[in-house]
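Here is a friendly tour of some side-chain packing in a predicted model. Please have the sequence and the 3D view at hand as you read.

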Amino acid sequence: MLVDNIGLYIRAGNGGNGAATFLRNGTTAKGGPDGGNGGNGGNIYFLGSTNINDLRQFRFQKKIIAEDGIAGKHKKLFGKNAPHLTILLPVGTRVTDSSSGNVIEITDTVNPILVARGGKGGRGNTEFKSATNQAPRYAEKGTLGEVKRLLLELRLIADVGLIGLPNAGKSSLLSVLTNATPKIGNYAFTTLEPNIGMLGKHPIADIPGLIEGASSGRGLGVSFLRHIEKTKVLVHCIDATDENVEKTYETVREEFSKYSTSLLDKPEIILLTKIDLADEGQIKKNIKVLKKKGKQVLTSSIYNPETLNLLKQSLENLL
Ligand SMILES: Nc1nc2c(ncn2[C@@H]2O[C@H](COP(=O)(O)OP(=O)(O)OP(=O)(O)O)[C@@H](O)[C@H]2O)c(=O)[nH]1
Ligand SMILES: [Mg+2]
């Protein structure tokens with residue numbers, strides 16, 4: 001399972017109330033207002049960490065509540081601001097606000113992101129003293145801290161990424177190489193979300209198909225390419241019956257380059273898939289064309305275990 005989901009309730013601290021008090025002591029029977037301000041409630045921040053690999057910390061603790069600010073007191077005593085809370089999340093966690101739909105991606109391990117702002121402390125009555133009102137009985141209440149219901153999704157980082165046009169056979173490969181059971185269909189865009197499976201100890205990710213113009217939003221776009229940004233090896237799957245494998249190869253690479261050129265530099269195996277559907281001449285010709293790209297070219301059929309073993313071996317060598 002690629003995505004580890006957790007619902008999380010967070011509440012920033014409420015602001016402390018301002019005080020409405022008046023100076024009273026041995027010498028002053030009816031002194032002026034002396035109510036102090038309330039302190040601010042604690043903010044909640046998220047910060048990325050590479051030392052945490054899952055969302056296990058929230059399995060039993062699905063609520064995070066920051067402390068409230070302390071109320072102001074008489075003698076102009078200010079209430080203390082509550083401490084802020086910083087929650088560490090695995091890098092790559094996606095955080096969705098359930099009510100607004102806003103999404104943030106946790107990537108930064110240095111600068112915390114503010115996710116819920118604490119309430120402001122209320123002003124004490126001292127602050128409301130004026131020429132026309134020397135003895136205000138009024139003090140502000142602290143405001144409430146922000147409350148949010150969030151969905152946290154963790155995405156695994158894979159060693160191998162299966163890429164290619166829709167219908168190239170990527171999910172089928174994942175299903176025969178690993179224990180994963182992705183949806184497979186004889187139409188484009190069967191895969192809508194990346195799938196992951198384990199080849200030995202190496203996670204393999206199968207991502208949705210890319211089409212020409214994906215980087216400008218066509219098809220399913222390219223946002224899922226972030227799942228393969230950290231992979232060590234790519235397997236570029238091309239249907240062996242494709243009439244123009246060179247163009248197919250370049251189309252996908254072109255979309256890559258628009259997303260991030262780092263993807264172009266990754267070690268890559270070009271895999272001619274579904275060879276059981278192509279005739280020998282076609283396969284040979286396509287291998288020849290693709291070899292010119294200077295990459296290792298392999299062939300596969302999900303019905304031919306020998307080809308799958310060769311692929312596995314090549315992957316293990318590269319990893
Ligand atoms: N004959 C044959 N058919 C295959 C092979 N691999 C995949 N197919 C078929 O090709 C079609 C597409 O396979 P998928 O694995 O869903 O392709 P995909 O690349 O994941 O497609 P998207 O998720 O849409 O990008 C399905 O009908 C598969 O059964 C193969 O080696 N031989
Ligand atoms: Mg698929």
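## Rings, a charge and a threonine

The charged end of Lys 63 is placed over the ring of Tyr 9, 5.7 Å from the ring centre. A charge sits over a ring if NZ of Lys or CZ of Arg is within 6 Å of the ring centre and within 35 degrees of the ring normal.

This is a predicted model, in which local features need pLDDT of at least 70, side-chain atom pairs count only at pLDDT 80 or more, and totals for chains, interfaces and linings use all residues. Residues are numbered from 1 along each chain as its sequence is written, chains are lettered from A and ligands numbered from 1 in the order in which they are written, and side-chain values use heavy atoms, with hydrogens and water left out.

Rings of Phe, Tyr and Trp (its six-membered ring) pair if their centres lie within 6.5 Å, with planes under 30 degrees apart counted as stacked, over 60 as edge-to-face and the rest as tilted. The count is one aromatic pair. Phe 128 and Tyr 138 make an edge-to-face pair, because their ring centres are 5.1 Å apart and their planes stand at 70 degrees.

Now for accessibility: buried means under 20% relative accessible area, exposed over 50%, partly exposed in between (1.4 Å probe, protein chains only).

| Residue | Relative accessible area | Class |
|---|---|---|
| Phe 128 | 22% | partly exposed |
| Tyr 138 | 48% | partly exposed |
| Thr 307 | 8% | buried |

Thr 307 touches Ile 275, Thr 299, Ser 300 and Ser 301, leaving aside residues up to four places away in sequence; contact means heavy atoms within 4.5 Å.
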